[in-house]
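The explanation below follows the pairs one at a time.

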Amino acid sequence: MQSWEKRTVLMPSKPLGLFQDDLADAMATALHAIEARGGERRGWDRPARLFTVHLESLDSRSIELRMVPTRSWNGRDINPADALINVARNLPHPPADLRRREYADSPVAGAALMFEGWARPNNREPTEYEQRAAGLGLRVNHLAPDRVETRCVYGVDINQQQFHVFRARGEEARVYSTSEPDMDDATMRSGRIPHALNRIVHALREGRHLF
């Protein structure tokens with residue numbers, strides 16, 4: 001078994017305060033800090049990183065990341081989303097009646113994938129071609145003349161709350177979560193990466209060794 005690199009990221013002195021659920025807000029704060037310090041501070045043009053997140057309690061002053069060795073989840077060096085889907089393909093779906101669990105009572109608090117890519121500007125609706133391509137599962141954002149370079153952190157915690165930290169190059173990061181009352185839950189849960197992370201995190205929560 002390959003050794004996992006461990007990294008520590010300091011938590012901000014105050015939580016983001018974006019979400020009513022204390023656990024969800026703690027995870028959102030952690031992922032926001034991870035993107036800022038492990039992503040933005042380290043710079044752009046870096047490979048995708050898959051990691052588990054460990055928080056001992058809501059009052060923890062630091063977050064421990066355990067980086068999954070790339071060879072363990074993307075040994076063929078394919079698109080990171082496709083690689084993650086391959087890992088999750090044969091894992092069971094989390095049950096619909098999943099019991100809420102404190103982060104301190106689980107082997108992990110969650111897992112996340114940080115990666116860079118292309119997106120269309122927020123102030124432009126997708127073209128008909130882009131809509132058709134999305135329906136077929138094709139990636140076409142990199143072909144748009146007004147494409148925007150982005151860094152994303154998709155995360156899922158052990159209670160199946162999903163998080164998305166999104167930063168366009170040169171801009172501030174934005175944070176979304178399915179725990180947010182106004183969030184379109186169907187939209188958040190429809191992506192291939194969150195769907196794969198759901199299965200992976202549930203398996204880790206149950207103590208299964210995947211990598």
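**Salt bridges across the chain**

Glutamate 35 and arginine 167 meet through their side chains in a salt bridge, with an N to O distance of 2.8 Å; a salt bridge here is a side-chain nitrogen of Lys or Arg within 4 Å of a carboxyl oxygen of Asp or Glu. This pair links distant parts of the chain, 132 residues apart: glutamate 35 belongs to helix α1 and arginine 167 to strand β6 (residues 162-168). Helices (H or I, at least four residues) and strands (E, at least two) are DSSP runs, numbered from the N terminus.

The model is predicted: local features need pLDDT of at least 70, side-chain atom pairs count only at pLDDT 80 or more, and totals for chains, interfaces and linings use all residues. Residues are numbered from 1 along each chain as its sequence is written, and side-chain values use heavy atoms, leaving out hydrogens and water.

Glutamate 35 counts as buried because its relative accessibility is 0%, and arginine 167 is likewise buried at 8%. Buried means under 20% relative accessible area, exposed over 50%, and partly exposed in between (1.4 Å probe, protein chains only).

A further salt bridge joins aspartate 82 to arginine 192, whose closest N and O atoms are 3.1 Å apart. Aspartate 82 lies in helix α3 and arginine 192 in helix α6 (residues 192-205), 110 residues apart. Aspartate 82 is partly exposed, at 25% relative accessibility, as is arginine 192, at 41%. Elsewhere, salt bridges with shared partners join Glu35, Glu40, Arg151 and Arg167 into one network. By the salt-bridge rule, the count comes to 12.
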